[in-house]
Amino acid sequence: MVGLIAISVILLVWGFVAGFESNGGRAVDVMFYWTYIMIALSLIAVVVFGIIISFKNDPKSIVKLGIGLVAIAAICFVVYLISPGKPAMGMLEQPDHATLRLTDTVLNLTYIAGVCAIVAIIAGEIVMSIRNKK
């Protein structure tokens with residue numbers, strides 16, 4: 001994990017040194033690809049560790065995990081379908097449409113996760129206050 005953070009910092013420093021607007025935006029492309037790699041590694045780690053821990057605790061929970069993964073994949077697919085992939089503002093040389101659409105998808109998923117986290121915190125506090133009154 002420390003290695004991934006170190007690579008991220010090195011790429012960030014390289015991007016500032018090389019210039020994000022020079023070399024045809026090569027530093028920006030590298031940052032996009034690194035972001036995709038980090039997201040893929042995170043998802044793989046969550047899935048693999050989730051499966052291992054679930055199987056050790058309760059072998060039948062694999063079915064619930066599979067249903068959850070299918071639901072998350074469906075949500076990601078729907079968000080991808082509704083992501084517009086509009087051109088980035090302020091950039092003269094635009095990335096291709098697929099890159100813009102994938103970036104919009106990740107941004108929209110981040111917004112959804114943030115809203116769900118806030119709702120979960122508020123709902124958890126309400127439930128906890130109701131339970132403590134009894």
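Leaving aside its neighbours within four places in sequence, which residues is A27 in contact with? The answer is W14, G15, G19 and F20, where contact means heavy atoms within 4.5 Å.

Before going on, some ground rules. This is a predicted model, in which local features need pLDDT of at least 70 and side-chain atom pairs count only at pLDDT 80 or more, while totals for chains, interfaces and linings use all residues. Residues are numbered from 1 along each chain as its sequence is written, and side-chain values use heavy atoms, with hydrogens and water left out.

Back to A27. A27 sits in helix 2, which covers residues 26-57. Helices here are DSSP runs of H or I with at least four residues, strands are runs of E with at least two, and both are numbered from the N terminus. A27 has a relative accessible area of 1%, so A27 is buried. The cut-offs are under 20% for buried, over 50% for exposed, and partly exposed in between, with a 1.4 Å probe and protein chains only. One of the contacts of A27 is G15; the two residues are 12 apart in sequence, and their C-alpha atoms are 5.1 Å apart.

Now the whole chain. The protein has four helices and zero strands, so the order from the N terminus is α-α-α-α. The radius of gyration is 20 Å, whereas a compact globule of 134 residues would come near 14 Å. That radius is taken over C-alpha atoms, and the globule rule is 2.2 Å times the number of residues to the power 0.38. Along the principal axes, the C-alpha atoms fill a box of roughly 65 × 30 × 30 Å. Of the 134 residues, 13% count as buried. Taking contacts between residues at least 6 apart in sequence, 37% join residues at least 24 apart.

Last, the aromatics. How many aromatic pairs does the structure hold? It holds two. Rings of Phe, Tyr and Trp (its six-membered ring) pair if their centres lie within 6.5 Å; planes under 30 degrees apart count as stacked, over 60 as edge-to-face and the rest as tilted. The F32 and Y36 rings have centres 6.4 Å apart and planes at 15 degrees, so that pair is stacked. Both residues lie in helix 2, four residues apart, about one turn of the helix. F32 is partly exposed at 22% relative accessibility, and Y36 is partly exposed with a relative accessible area of 22%. Ring pairs link F32, Y33 and Y36 into a cluster.
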